[in-house]
Amino acid sequence: MSGGPSGHGPEAAAVPSPEGARMIDPLAGVPVAVLGFGNQGAAQALNLRDSGVAVGVGARAGGGGEARARGHGFETLPLAEAARRAGVCAVLLPDEAAPA
């Protein structure tokens, strides 16, 4: 059996870039709103920020997620306002909090 660890072909990690080619970050300069700051929202917001992306957090006023997000240094806004200001929204609300 040949190929990478999945058995579906050669390793893709060693593909060289063409001379002078640049990787363009699709989120460069695009504000991202992470809606919800639970387990998934917190992890995604922190990773995006660590990667240099401008991140704001949409959270319920007075909720635990708002307090945790502020504790990590994020700007927090009401959910609708965060979504309005963003170019990309990551909806990471718990199922029971999302409208049906």
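Visitor: How many helices and strands are in the protein?
Guide: The model shown here is predicted. From the N terminus on, its elements run β-α-β-α-β-α-β. The protein holds three helices and four strands.

Visitor: What percentage of the 100 residues in the protein is buried?
Guide: The accessible surface of the protein comes to about 7100 Å², and 56% of that surface belongs to carbon and sulfur atoms. A residue counts as buried when its relative accessible area is under 20%. Of the 100 residues, the buried share is 26%.

Visitor: Among contacts between residues at least 6 apart in sequence, what share joins residues at least 24 apart?
Guide: Contacts here are heavy atoms within 4.5 Å. Among contacts between residues at least 6 apart in sequence, the share joining residues at least 24 apart is 48%.

Visitor: How far apart are the end C-alpha atoms of helix α1?
Guide: Helix α1 covers residues 39–50, which makes 12 residues. At 1.5 Å a residue they should span 16 Å. The model agrees with this, since the end C-alpha atoms of α1 are apart by 17 Å.

Visitor: Which residues of α1 are buried, and which are exposed on the other side?
Guide: The buried residues of α1 are G41, A42, A45 and L48. They cover an arc of only 140° around the axis, so they sit on the same side of α1. Their cover includes β1 (32–35) and β2. On the other side, the exposed residues are N39, Q40 and D50.

Visitor: Is N39 buried or exposed?
Guide: N39 lies in helix α1. Its relative accessible area is 72%. The cut-off for exposed is over 50%, so N39 counts as exposed.

Visitor: Which element supplies the largest share of the largest nonpolar core?
Guide: This core has 12 residues, among them V32, V34, F37, A42, A45 and L48. β1, α1 and β2 each supply at least two residues of the core. The largest share, three residues, comes from α1.

Visitor: How many residues are in the other core that lies apart from it?
Guide: In soluble globular proteins, nonpolar side chains tend to be buried together. The other core includes L35, L77, A82 and A86. Its number of residues is five.

Visitor: How far apart in space are G56 and V34, C-alpha to C-alpha?
Guide: G56 lies in strand β2 and counts as buried, at 14% relative accessibility. Leaving out residues up to four places away in sequence, G56 touches V32, A33, V34 and E75. With the same exclusion, V34 touches G56 and others, including G41, A45, L48 and L92. G56 and V34 are 22 residues apart in sequence, while their distance in space is 6.3 Å.

Visitor: Why are the buried residues of α2 on the same side, and which strands do they pack against?
Guide: In α2 (residues 64–71), the buried residues are G65, E66 and A69. They cover an arc of only 100° around the axis, which puts them on the same side of α2. The face turned away from that side carries the exposed residues A67 and G71. The buried residues pack against β2 (55–58) and β3 (75–77).

Visitor: Is E66 buried or exposed?
Guide: E66 is found in helix α2. Not counting residues up to four places away in sequence, E66 touches A59, R60, A61 and T76. Its relative accessible area is 14%, which makes E66 buried.

Visitor: Which residue's side chain is joined to that of T76 by a polar contact of 2.8 Å?
Guide: T76 lies in strand β3 and is buried, with a relative accessible area of 12%. Leaving aside neighbours within four places in sequence, T76 is in contact with V57, E66, A69 and R70. The side chain in the polar contact of 2.8 Å with T76 is that of R70.

Technical notes. Residues are numbered from 1 along each chain as its sequence is written. This is a predicted model: local features need pLDDT of at least 70, side-chain atom pairs count only at pLDDT 80 or more; totals for chains, interfaces and linings use all residues. Side-chain values use heavy atoms; hydrogens and water are left out. Buried means under 20% relative accessible area, exposed over 50%, partly exposed in between (1.4 Å probe, protein chains only). The arc is that of the directions from the helix axis to the C-beta atoms. A polar contact is a pair of N or O atoms within 3.5 Å; within protein, one must be able to donate a hydrogen and the other to accept it, and residues adjacent in sequence count only if both atoms are side-chain atoms. The expected span of a helix is 1.5 Å times one less than its number of residues. A nonpolar core is a set of buried Ala, Val, Leu, Ile, Met, Phe, Trp, Tyr and Cys residues joined through side-chain atoms within 4.5 Å. Accessible areas come from the Shrake-Rupley method with a 1.4 Å probe; for residues, only the protein chains shown count as cover.
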